[in-house]
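This briefing sets out selected features of one protein structure for computational work. Please read it alongside the sequence and the coordinates.

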Amino acid sequence: MQLKILPRNIADMIAAGEVVQRPSSVVKELMENAVDAGADQISVTVTDAGRTLIQVIDNGCGMSPDDAVLCFERHATSKIATAEDLQEITTFGFRGEALASIAAVADVVLRTRREEDEVGVEVEISGSEHLSTREVAAPKGSNFAVRNLFYNIPARRKFLKSDTVEFRHIVEEFQRVALTRPEIGFTLTHNGRDVHVLKPAKSLKFRIMDLLGAGVVGEVVDIAADTSLVRVHGFVGRPESAKKTLGNQFLFVNGRYFRSAYLHKAVMKAYEALIPEGTTPSYFIFLEVDPSSIDVNIHPTKTEIKFEEDSVIFQTLYACVREATARGGAGGDIDFDNPEAREMPVIGPRFDEYRPVSIPTAGVDPDYNPFMVGDKYLDERDFHPEIPFYGEPQRPSYTVDKHEDYGKLFEDRTMPTAQVLVVQGKYIFSQSASGVMVVNVRRARERILFDRFLKVLSEDVPVSQSTLFPVQVNVGIQGRLLFDAHQDLLKRLGFDIEAFGSDTVVVNGVPEGYVTDPGKVHTMVGDLILILNDDHGALPEMMVQSLAQKFAVLGASGGEKLSSPVEAQRLLDALLGSTNPEFTSSGRRIISILPLDEIDKRF
Ligand SMILES: Nc1ncnc2c1ncn2[C@@H]1O[C@H](COP(=O)(O)OP(=O)(O)OP(=O)(O)O)[C@@H](O)[C@H]1O
Ligand SMILES: [Mg+2]
């Protein structure tokens, strides 16, 4: 064996992999640099979810022609100079890694000019190689255009998810930075469309409103605490607004977004018994600590933070969130009519009641991230374990092939004149040749819907629809984007859902068999978001199967209670006509027979 030093370009590519994992990493690093440069207006333009172009333009301090070349060198930073500075980091950046990493895996063009310079400079670099430098006219500030990301790492490029998923990551990074600096104006444009246009905001609450919609802001109360170790401010969701969708959970320390399973637990513990299992409240929590009491440099993307006194922070956070949830609506509302209202109310009178708090004994997995399972975001399977995961071992799936036999089987079992009995709206009992046949209503509906959706998606047949009295649902800007991106799919399946404003949709119609009770439509829309949010980037046939399945499970879970024998008979007829009346598409039994001899044995 012989040791060799790797050539510089390969070493750079490896190092880049740590910092630049996907297009959203580039957006994050460039936005953070623009903030560090003192800009008050930052615009982000993205094409094809960042595959083709990511451009970040700021009006910050700009760079001299020399620095414009130097900034792409590894360890080139203007933000720290000494080892002591590392203890007191107040900027986003400090390692001089980001631009070098981006330039190693993409084509980059930088145009920049400082206030004091007459002309600007344009630097072109590709795969760490400096291609050109020339003088150009440029406004004050910096303009980074990153093209063809991962052009030299085909494996990375291939493993990027669908545009919907990659763009969702970009929006998340954008929001995380935009929330930390309400005073800065930000815009985000995707494929020529404005996604966010954020004017400089008077305060955090206005920024949240501009960014996530008035709906989110209406559902939160403020939190505040001030101890010798940590100052806490921000907003947490009212318990009744907790949602099955993950999304608006934000933790920041000293103006930097970070993830922490441990502190997430502190928040969730404060909601214990206040919210239904499987739901998560939104929260926007800002911690201020002495910069020397944290270590930001423990993870390549700087989104994990080590706190010196993490158990004390856990307790403080728990206590102040608990206090806010107990206070509920009283006095905690954001007062939009009075812009002069205090941004951070003093700590609530009941704060002390919740202290001291016993030190949590739960074991902590430092790698655990509440939002990810492995490399995967939590999806609806985590909330509905009955949905199988295509690609994993699962129960045999009994589909199509023996259509006729199933029909025969069914006939054998039902007597032509059989009476049906509906039990609890959940089961249909009917006489069969050898005993009593029991049909699980929900699963029967799931089978029928699955067949229908599969047909709709693979053969493009027309769908039947139930129309509703229009129901307006606030879905947030992210949700609205999801509905936009999946317009065609939803229409084909039989949904009639219109966009309304930037963060709301109006439901006019749903596929036949779906809920029609306006009160339940809200929940249905939430579940719809969970499905749309998932990555459907897999093989096309699998995608159609898995979509049909998810929409069938969703439809069957919300359907009206079966009440009359006439409806029951209709359902049985439809089931009989399905591709497999015995099992759902995930292999669950729909029909069970109670044999006569077993009934005999009971007497
Ligand atoms: N938009 C910008 N405006 C002005 N100067 C910039 C801009 N972006 C980068 N720079 C300069 O280039 C240097 C290198 O940027 P880079 O992001 O690679 O490192 P960093 O921000 O110092 O640290 P980190 O790797 O932790 O982000 C910065 O320290 C800064 O001096
Ligand atoms: Mg940086």
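The points below cover the basis of the model, then helices, strands, salt bridges and individual residues.

The model is predicted: local features need pLDDT of at least 70, side-chain atom pairs count only at pLDDT 80 or more, and totals for chains, interfaces and linings use all residues. Residues are numbered from 1 along each chain as its sequence is written, chains are lettered from A and ligands numbered from 1 in the order in which they are written, and side-chain values use heavy atoms, with hydrogens and water left out.

- Helices (H or I, at least four residues) and strands (E, at least two) are DSSP runs, numbered from the N terminus.
- Helix H2 covers residues 23-36, and its end C-alpha atoms lie 20 Å apart, in agreement with the 20 Å that its 14 residues should span at 1.5 Å a residue. The expected span is 1.5 Å times one less than the number of residues.
- Of the 14 residues of H2, 13 are buried, so the helix is largely enclosed by the rest of the structure. Buried means under 20% relative accessible area, exposed over 50%, and partly exposed in between, with a 1.4 Å probe and protein chains only.
- Glycine 38 follows H2 and has a positive phi, near 80 degrees.
- Leucine 6 is placed in the segment before helix H1 (8-19) and is partly exposed, at 47% relative accessible area.
- Together with Ile10 and Ile14, Leu6 forms a nonpolar surface patch with about 270 Å² of accessible area. Patches are made of residues with over 30% relative accessible area and no salt bridge, joining like charges within 9 Å and nonpolar side chains (Val, Leu, Ile, Met, Phe, Trp, Tyr) within 5 Å. The areas come from the Shrake-Rupley method with a 1.4 Å probe, and for residues only the protein chains shown count as cover.

**Strands and sheets**

- Strand E9 (residues 220-226) is mostly covered, with six of its seven residues buried.
- E9 runs antiparallel to strand E10 (residues 231-237), and seven bridges join the two; two strands pair if DSSP finds at least two bridges between them.
- The two strands E9 and E10 make a hairpin with four residues between them, and alanine 225 stands opposite valine 232 in E10.
- An open sheet of three strands has the order E21-E23-E22 with antiparallel pairing. Its edge strands, E21 (465-474) and E22 (496-500), each pair on one side only.
- Neighbouring strands of this sheet are turned by 15 degrees against each other on average, direction ignored. Axes are lines fitted to C-alpha atoms, for helices over the stretch in contact, and angles run from 0 to 180 degrees between N-to-C directions.
- Five bridges pair E22 with strand E23 (residues 504-511) in the antiparallel sense, and alanine 499 is opposite valine 505 in E23.

**Salt bridges**

- The structure holds 17 salt bridges, each being a side-chain nitrogen of Lys or Arg within 4 Å of a carboxyl oxygen of Asp or Glu.
- Glutamate 166 forms one with arginine 22, with the closest N and O atoms 3.0 Å apart. Glutamate 166 lies in helix H6 (residues 163-180) and arginine 22 in the loop between H1 and H2, so the pair ties together parts that are 144 residues apart in sequence. Both glutamate 166 and arginine 22 are buried.
- Arginine 114 and aspartate 117 form another, at 2.9 Å between the closest N and O atoms. Arginine 114 is partly exposed at 26% relative accessibility, whereas aspartate 117 is buried at 17%.
- Arginine 193 and aspartate 484 meet in a salt bridge of 3.4 Å, N to O. This pair links distant parts of the chain, 291 residues apart: arginine 193 in strand E8 (residues 193-198) and aspartate 484 in helix H13 (residues 476-485).
- Arginine 193 is partly exposed, at 45%, and aspartate 484 counts as buried, at 18%.
- Lys28, Glu29 and Glu32 are joined into one network by salt bridges that share partners.

- Proline 518 is found in helix H15 (residues 518-533) and is partly exposed, with 44% relative accessible area.
- Phenylalanine 72 sits in the loop between helix H3 (65-70) and helix H4 (98-104) and is buried, at 5% relative accessible area.
- Phenylalanine 72 and glutamate 129 are 57 residues apart along the chain, and their C-alpha atoms are separated by 9.7 Å.
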